[in-house]
Amino acid sequence: MRDLVTTAGQTVGPFFHYALPYDGGPHLVPPGSAGAIRLAGTVYDGAGAPVPDAMLEIRQADAAGRVPVVEGSLRRDGVFTGWGRAATDAVGRYAFTTVAPAPTRPGVAAYFAVTLFARGLLDRLFTRIYLPGPELSDDPFLRSLPDDRRRTLVAERDVDGNLRLDLRLQGEQETVFLAFPRHRDR
Amino acid sequence: MAMTATTPPLASQASISEEIERIQHETKPGQTSTRLDFSPYRSTLLRHPVKELRTLDPEEVELYAPVFGHSDVDPTEADLTLHPGGEPIGERMVVTGRVVDGDGRPVRRQLVELWQANAAGRYVHKRDDHPAPLDPHFHGAGRCLTDDDGWYRFTTIKPGPYPWRNHHNAWRPAHLHFSLFGREFTQRLVTQMYFPGDPLLALDPIYQAITEQAARDRLVAAYDHDTSQHEWATGYRWDVVLTGAHATPLEREDSDA
Ligand SMILES: [Fe+2]
């Protein structure tokens, strides 16, 4: 079946806001609930201008390192689904309320898997947002990156445990974007 | 029209078409994914990565797409013509097809989202200022779950083409925006479905950013007379092939248990 031509991506365009973002999309846990943190940042273009028409989706493990495989992300009902969606605002900012994920196995660092969409971005991009911590220096993937590239994937944590990372679509400090092996078949 | 020094005049369709042809000619054959670096679509200029994507094996987080179910999606959300105030204006149509992964396996019970302009080419979006009428009976967004064999099905109206400011006299071919998930996070897809025989396809820098004809053809639905409904709606068939899965079906079944 390798002769199947994969359906190519097309930009999400400028007019997705009334269709894709939804109430509760960015709140994987209710704001203010026990263990809730904010994961936030700004998306920038190659000229350093914020991108007000981007959208992020995140997928993550819970605080025990388990990846939930349960329905309920669109109509949240107190169940942690490990998935959320947030559009950037008028000044390019995104924000999620969630819990800090733990590593899913020994030897790798904890991270949020991220998909990024935007007007002017013809196909989705994948990246990761890592939590800061001593495990980072042992993570095989992070170790494979030069320092300045690795830095684009690691969030800063404030005293309240909130995480912050800006994403850059293009340029010197461009975020490390990812491809997975089966993407190469197409 | 006054132009500031930083705003170049809009390119003509002829020069955009020439640019499209040149880049397609320069792109090596066999690239069936969409180019991110595609200057005829002007908004890509500052929004495409210039460094190479890093290829790596997915970890567990990336091997599981989010799961959606009947608690997430109401069956009526698949009919975009339902409106308490009345029927939308336009050609009623049924769009249906099958979602499979790169190995031909159906993507079962997974979310499909659809959004689109109305029959006049206008979106219900505050930043759409195309001087075409809004339709008080058409919102233009829907969702559904695929069935046990990967089939999705929507009832809607055919959207109109609409102008945009990419270049002079630029028109988007009529299209439906689709958002799809696979079984893995790595299989995420947002794309657009087009209509057969549309003369605007050849002129469109978004569609033409897919440089391989066979891959472009994948985005064009087929009129399907068996899907058309007697005295009710025309029918279109559009199948979707996601990228391949990294985990084997056996591993999946274990994890489903
Ligand atoms: Fe559109």
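Predicted model: local features only at pLDDT ≥ 70, side-chain atom pairs only at ≥ 80, totals over all residues.
Residues are numbered from 1 along each chain as its sequence is written, and chains are lettered from A, with ligands numbered from 1, in the order in which they are written.

A:Asp45 sits in the loop between strand 1 (37-44) and strand 2 (54-59) of chain A. Helices (H or I, at least four residues) and strands (E, at least two) are DSSP runs, numbered from the N terminus. The relative accessible area of A:Asp45 is 11%, so A:Asp45 is buried. Buried means under 20% relative accessible area, exposed over 50%, and partly exposed in between, with a 1.4 Å probe and protein chains only. Contact is defined as heavy atoms within 4.5 Å. With neighbours within four places in sequence left aside, A:Asp45 is in contact with A:Val51, A:Leu169, A:Gln170, B:Leu46 and B:Arg47. A polar atom of the A:Asp45 side chain lies 2.8 Å from the backbone nitrogen of A:Ala47. From A:Asp45 to A:Leu165 the C-alpha distance is 15 Å, and the two are 120 residues apart in sequence.

B:Tyr207 is also placed in a loop, between strand 9 (189-194) and helix 2 (213-217) of chain B. B:Tyr207 has a relative accessible area of 4% and is therefore buried. B:Cys144 is 63 residues from B:Tyr207 along the chain, with 25 Å between their C-alpha atoms.

Strand 11 (residues 234-237) of chain B runs parallel to strand 2 (residues 92-100) of chain B, joined by four bridges. Two strands pair if DSSP finds at least two bridges between them. Opposite B:Tyr236 in strand 11 stands B:Val95. Strand 10 (residues 222-223) of chain B runs antiparallel to strand 11, with two bridges. Here B:Ala222 stands opposite B:Arg237.

The structure holds four cavities of 30 Å³ or more. On a 1 Å grid over the protein atoms alone, a cavity is a set of points where a 1.4 Å probe fits but cannot get out; a pocket is an open set with protein on both sides within 12 Å along at least five of seven lines; lining residues have an atom within 4 Å of a point. Volume is the space filled by probe spheres set on the points, which are joined across faces, edges and corners.

The largest cavity has a volume of about 50 Å³. Its lining includes A:Pro103, A:Tyr111, B:Glu59 and B:Val61. The second largest cavity holds about 40 Å³. Among its lining residues are A:Gln10, A:Phe117, A:Arg124 and B:Val190. Strand 5 (residues 111-118) of chain A gives the largest share of this lining, three residues.

The largest pocket has a volume of about 810 Å³. Of its 25 lining residues, A:Arg184, B:Gln31, B:Ser33, B:Thr34 and B:Leu53 are the closest to its centre. Strand 6 (125-130) and strand 10 (178-179) of chain A each supply at least two lining residues.

Notes: Heavy atoms only, no water. Polar contact = N/O pair within 3.5 Å; in protein donor to acceptor, adjacent residues only side chain to side chain.
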